[in-house]
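Colleague: Could you take a close look at the salt bridges of this model and walk me through them, with attention to how the partners are placed?

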Amino acid sequence: MISLYRRRRFFNYFNMTASVLATALGIFVLASILWTLISYGFRGLSLRMLTDMTPPPGSAGGVLNAISGSVVLTALGIAIGAPIGVLAGTYLAEYSERGKIAEATRFINDILLSAPSILIGLFVYEIAVLPTHHFSAWAGAIALALIAIPVIVRTSEDMLRLVPNDLREAATALGAPRWKMIVQVSYRAARAGILTGILLALARIAGETAPLLFTVLNNQFWSSNLDAPMANLPVVIFQFALSPYTDWQQLAWASALLITASILGLNIFVRLTLGKREKRS
Amino acid sequence: MAVAETASARPRLGRIAKPTVGSTTLGDKVFFGLTYSFAAFVLLILAGILLSLVIGSWPAFKELGLGFFTSASWNPVTEKFGAVAPVYGTLVTSLIALLVGVPISLGIVIVLTELAPVWLRRPIGTAIELLAAIPSIIYGMWGLFVFVPFYKAYIQPALGSTLGKVPIVGALFSGPPFGVGMLTAGLILAIMILPFIAAVMRDVFETVPPLLRESAYALGATTWEVVWHVILPYTRTSVVGAVMLGLGRALGETMAVTFVIGNSNEISASLFMPATTISATIANEFTEAVGDVYSSSLIALGLTLFLITFVVLVLAKLMLRQLAGKVR
């Protein structure tokens, strides 16, 4: 009996220690990634980074064109994705709870949430790059929008469902048409939650690289033409990090620090201010 | 107005009545049409992806036939392409990711649900969730510049001199320590899928009725025994679903793998050897592919990846459906 008791206790301690170590490992990796970004990235961080264009190999420069490109692409992606996502989420939450289309949409949406982003890149290449015969910022923005949409659909639906039915009934009882009830009551009540979803989608697409590789490509120069290839941070990081030139690697690390800091900052901001309940993107 | 149709007092997440014909104004029709068409649009995205991949890979299948799936050669010069090597790399790296990532996720979930004091749960949970927010390309850089040197200097020699000496299994852990390779990619993937598995598993664990758990504790079960004999059997299907969800992520992961797998189109028994995955091959070669057959073969690889991940994700969803019924 004693030995059985001892064995059970030992086994328990062993596994619990392993669990704590596993958690420590997870946190250690996060810390290590952040530390690496800070220690490598800080060296490359300079004012020049924000004022100069991406340099040719072997000379110093900045990533101004890539930063502006990333901002434009992400903003466009959200501008396209948010209305579509919110309205689709509205249909799921407000109009059709159990309808066939709603069930199918919900199912497919969850699959799209975890679908490989590189396939979205291939898809957009086929529909937006091949017909026009050139890479363009529009194609990249569409690819990013397609990645943002499932995130926004999911959170919008969840948030709208949390709106108490009493509110809807009150609005309807006052004679409001259904669309007015949704826009003026449901949307208002779920505003913070829907915004959270959009911000999380923004954080998700800001660092996406794979779908941009063959949609916007990259551009060494400043470009504000949405119908032409545009510089963007993720692809610049990819090219520069794997290059043999120290100047380029330096810039890659600094850009990586910049982009990760913005994404994690956005995530933490969402959690602290709006995210009262658990959300997964 | 649609008073009669509006659902009366129901549970919080209850059903909301459908709009009725006749009670709708013009604004209603327009708004309903808008939301309906965008919901249908989400369906069309997936159909569109499938269709475009099939059309795009058509030239490759016409040229290479079904031999595409059985050939291991990948030669742009002679235009002979086969999917075996990238598919093998994809499956092996994802399998490693699961073997390493699932136990770690379970450990984290045990800490988050059973061990950690309540005030510590939120910060730990947030830290783990932030792992999911870090872009894939950052994992790639960290993997190549931080993890690979460490792995090459410590893990690889250690594995080579212990497991590498065991017969049969040894073949998996032999060869020169390149640093990059299938095992490296698998380990990085394990870290990347861990927050996703842990998050779903945590939700799943919370569906276990407290009564079950408390009864087991009252009978004198240890924490481990409660997890292993009560919680896991109760949540079995959903836990497998969570793991499949992680698998779906690992299969399609691109940038991080591209950095650390070595990108060599070969099949080797040793996990130390460089290899490639479907997504890494596409990312590396797509913009440089010349000729219809070459780029079409890459799209055919994409179609293969689509089919594999689709099956895995559908299975995951079906297994998690039980959970959806419980929490929603």
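**Salt bridges in chain A**

Modeller: In this predicted model, Arg168(A) is buried, with a relative accessible area of 2%. The partner of Arg168(A) in a salt bridge is Glu94(A), and their closest N and O atoms are 2.8 Å apart. Because Glu94(A) belongs to helix α3 (residues 64-95) of chain A while Arg168(A) belongs to helix α7 (residues 165-173) of chain A, the pair ties together parts that are 74 residues apart in sequence. Glu94(A) also counts as buried, at 0% relative accessibility, so that both Glu94(A) and Arg168(A) fall under the 20% limit that the term buried requires.

A further salt bridge joins Arg204(A) to Glu208(A), with the closest N and O atoms 3.5 Å apart, and here Glu208(A) is buried, its relative accessible area being 11%. Salt bridges can also share partners, and in this way Glu103(A), Arg106(A), Glu157(A) and Arg161(A) are joined into one network.

The pair formed by Asp52(A) and Arg48(A) has its closest N and O atoms 2.7 Å apart, and Arg48(A) is partly exposed, with a relative accessible area of 42%. That value of 42% for Arg48(A) lies between the limits of 20% and 50%, which is why the residue is classed as neither buried nor exposed.

Taken over all chains, the count comes to 12 salt bridges, among them the pairs Glu94(A) with Arg168(A), Arg204(A) with Glu208(A) and Asp52(A) with Arg48(A).

Notes
Residues are numbered from 1 along each chain as its sequence is written. Chains are lettered from A and ligands numbered from 1 in the order in which they are written. This is a predicted model: local features need pLDDT of at least 70, side-chain atom pairs count only at pLDDT 80 or more; totals for chains, interfaces and linings use all residues. Side-chain values use heavy atoms; hydrogens and water are left out. A salt bridge is a side-chain nitrogen of Lys or Arg within 4 Å of a carboxyl oxygen of Asp or Glu. Buried means under 20% relative accessible area, exposed over 50%, partly exposed in between (1.4 Å probe, protein chains only). Helices (H or I, at least four residues) and strands (E, at least two) are DSSP runs, numbered from the N terminus.
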